[in-house]
Amino acid sequence: MTGTAARPLRGREPQLSRLTELLRRAGAGRGGALRLLGGMGTGKTALLEAARATATGFQVLSAPGVRAEQGLPLGALHRLLQPVGGPPPGLEAATFARCRGVHDLLVRLAGPRPLLCLADDAHWWDETSLAALTFAARRLAEVPVAVVLAERAQPGTGGGADPAGGIPAYRLAPLGPEAGDRLLRDALGPGPPRAVRTGLVELAAGIPGDLLELAGALSSAQAAGRAPLPATLPLTGAQRTGYRRSLAGLGPKARHLVLLAACEPRLPETLLARCPGIDPAARVEGLASGLLQATDDTVRALSPVLRATLRAEADAAELRRAHATLARALGDPHGGGGVRSAWHRAAASAEPAARLGDALHAAAETAVRVGDHENAADAFERAAGLGARGAIAAGRLVAAARSAWSLGRTGWARSLLRRARTEAGPDGPAGQISLLHGEIELRDGEPAVAAHELLAAARELEQAAPEQAAIALLLAGEAWRLGGDLAGYAQAAELTRQADQPDAPATVALLTGHFAGMAATFAGEHLRARPALERALRAARELGTDLRAQLWASEAAFALGRTARAYELAAAAVARARMAGETAALPWALVQHSHTAGMLDLHQVALRSSTEGLAAAEVAGQRTCAAEHRVLLAFSAAQLGDADAALEHLAAVEPDIARHLLGRPSALASWTRACLDLLADQPGEALARLRTLDVEAGHAQPAITVLATPHLVEIAVRAGEPERARRALRVFDDWALATHAPQWLALSERCHGLLATEAQESVRHFRAALSLHRAAGTPLELAKTQLAYARRLRRDRRTRAAREMLWDAGRLFERQGAGHWARRAWAELRAAGGTAAHEPRADPAVPGLTPQQNRIALLVAGGETNREIARRLVISHRTVDHHLRNIFAKLGVRSRVQLVALLASQSS
């Protein structure tokens, strides 16, 4: 990879930091050396150039390795030292004297100013030169000399002495997805869609040199995502030229091994053992070429684009020989060949291509049935190129894309779909292409684009494949809900009524029931929603273990108020995705699992699910699902009182929410921030945030607005706006009563307890809430209700009952891992005159004051107003005034200023 000063070295920040530190130390007279190990195109040369550019005030000597001079003793040293007069006399002497002479020369050269020696392609240096330079490099601790060697990593070659041993080495791994994407944005600008950049990173497996050459070869149609990405590296590019030379320099057996890797994605040792002629020497030579890598007893080519490039460089006869070797090896009863064996037999055969394509297509379908999506995707893709054209080829490419998507290979799936669109004629599978493209956009793009594609798919498939059309509409419905386009959702619900027939297939019944029920729920018509949602649940049961049906049934159950059933269905879908290897479906299933767990008060479970879901979404390239998991992590962290974790997740996700117009995550993020404001005793800010929840989300999110009502009521009461709380509570009550679910009825009763003006009425509502919480099995909400009830009891001067309630609440909070809430309960308990043996350290005590007076005095010292203190302690403004008068009298002060000064002097 050739670097330029203007282009940042993406993903190489650790190595740049090491180089900078090496040069800093050498400039201060404490020299040293390091090695940069990496394959072709990984950025070794660019890092050396970066070191040269950074070495201000250094004299620099450099020499690249030359393969033709590898057998010429001292040839590399001659080139390195030529600018300073060449090697010292007598360098042909014995080994130690020669090495000592080079060391002494470098020390002399560093006299006037520090010295930097750069050895590029050190693997091509002659052995004598490399031994002398590394001898010197290991002895630079007290001299101003830095040596940097860049050499090709040769994993798995084993054996032989390492002349550069003892020098710190840093491997240049392939770039990860984000670093690769940044590199492409530097090279291409912001124009190409993210999907195109992701596809290039996958093709090049993160190798920077390959990435940049693929980017340079990108046509305008490919950059816009309208055509397949380049299949091979550019013919005249430096990367392909280097790979071609490496291939040409191999012996027959090693070349055969490399071509086996070009024809088969992975070569396990068990498979290689069945390939004649692949002996240990061929393996060592092949790995040393830089074309292969060995990991976990498996040999493979460096990247998909290198595999294709190597096949393009080989002649037809040797490729057929490689395919024939693999077909025989995989055809062994112990080889587990299946689809792969069929493909290699086809590629090695002289039979008509169309017949071979049909055979490979059949083998791929078998692979899909047994869940072997990787081999299925590869086989479908290859079958598309064997004598197939138009609709047939496009259909095979769509099938390949579906399997690639199931694997979580989003970039590969998008690339295959682009090829399918190009290949398909007027009779091509337009509906299937739009269906899969829409699903991918739903998980990794913008909801509006996804809805458009999925609606087009439903129209295309309506007559020929009504069940597929139903799936497209259900996914489109999710896209409308995700983006908050409830007008579009309602229109689609009207369209689905036409398909509502008594003898409709189960998938269609699920569609019509789900749409009608959810649309009625969003409109607040819960009695009309119930029969439709029940119909959706029955249809889902008919579909058995269908993963999508389980998730849509979970949504229906949740809308009915059956949160526990919704959680069970989501858990079953997660288990199904794991068992079937549905990598693409797992993040989506975990979103529903985490959401239902959080609503069931199982926030530790929700945190685990979304932690797994976030990792799975990032691996599968599903940014929308990743955003949903980030927000769910923030929400559960906020409910447990972990404000730092919640804020960290929100900061990470909010740019993606804004970029992709994700209404549902935006609304949940606003709700979460309101909860954090409440944790910080800022109810005014929290109430303002909830007032604008739909505006901040960009579109309506009635479900989240209703679910947030219990928090809104508490916030509005503490902010002194009870009428706002009562208006919102009427809507929540309608839903809670329609569900008959104790979980939601408990929260309704708590809200009424908070709003009650009469003590007896408040007690009645709080007691009902506690009973319902216990029936629902929601311990965290039970503890929060106990805390709210205890505050009311204290306000009504029932201190003993309040202490008992606070004790129970504190213990429950601790068992749920809600440390913030536990500390708050213990603080309330202290203020009520109680103690707990295991409670955290109390606030500093002011002699002569009661616990409540002590707390008020400390809050005054912290700068809080009487109104803020009243709100925090859930007491009246007049009660605060009364306590302050007593505090002033006991402490002999006349003002807040004197009180603050007195407390400050006591603390010092």
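**Notebook: a predicted chain, its sheets and its cores**

**Entry 1. Overview.** I counted 47 helices and eight strands in the secondary structure of the chain. Helices (H or I, at least four residues) and strands (E, at least two) are DSSP runs, numbered from the N terminus. I noted that this is a predicted model, in which local features need pLDDT of at least 70 and side-chain atom pairs count only at pLDDT 80 or more, while totals for chains, interfaces and linings use all residues. Residues are numbered from 1 along each chain as its sequence is written, and side-chain values use heavy atoms, with hydrogens and water left out.

Along its principal axes, the C-alpha trace spans about 100 × 80 × 45 Å. I found that 55% of the 908 residues count as buried; buried means under 20% relative accessible area, exposed over 50%, and partly exposed in between (1.4 Å probe, protein chains only). The chain exposes about 37600 Å², of which carbon and sulfur atoms supply 54%. Such areas come from the Shrake-Rupley method with a 1.4 Å probe, and for residues only the protein chains shown count as cover. I also looked up contacts (heavy atoms within 4.5 Å). Among those between residues at least 6 apart in sequence, 66% join residues at least 24 apart.

Entry 2. I traced an open sheet of five strands in the order 2-3-4-1-5, with parallel pairing. Two strands pair if DSSP finds at least two bridges between them. Strand 2 (59-64) and strand 5 (169-171) stand at the edges with a single partner strand each, so one side of each has no neighbour in the sheet. The twist averages 15° from one strand to the next; axes are lines fitted to C-alpha atoms, for helices over the stretch in contact, and angles run from 0 to 180 degrees between N-to-C directions. Strand 3 (residues 115-120) and strand 4 (residues 145-152) pair over five bridges. Within this pairing, Cys-117 stands opposite Val-147 in strand 4.

Entry 3. I found three strands in an open sheet of order 6-8-7, with antiparallel pairing. Strand 6 (267-268) and strand 7 (292-295) are at its edges, each with a single partner strand, so one side of each is left without a neighbour in the sheet. Strand 7 and strand 8 pair over four bridges. The bridge partner of Gln-293 in strand 8 is Arg-300.

Entry 4. A nonpolar core is a set of buried Ala, Val, Leu, Ile, Met, Phe, Trp, Tyr and Cys residues joined through side-chain atoms within 4.5 Å. In the largest, of 137 residues, Trp-671, Trp-744 and Phe-813 touch the most other members. Helix 23 (residues 466-483) gives the most to this core, with eleven residues. Leaving aside neighbours within four places in sequence, I listed the contacts of Trp-744, among them Phe-558, Met-599, Leu-707 and Trp-735. A second, separate core of 51 residues includes Leu-203 and Ala-301.

Lastly, I examined helix 14 (residues 304-313), whose buried residues include Val-305, Arg-307 and Leu-310. The cover over its buried residues includes helix 7 (194-204), strand 8 (298-301) and helix 18 (373-384).
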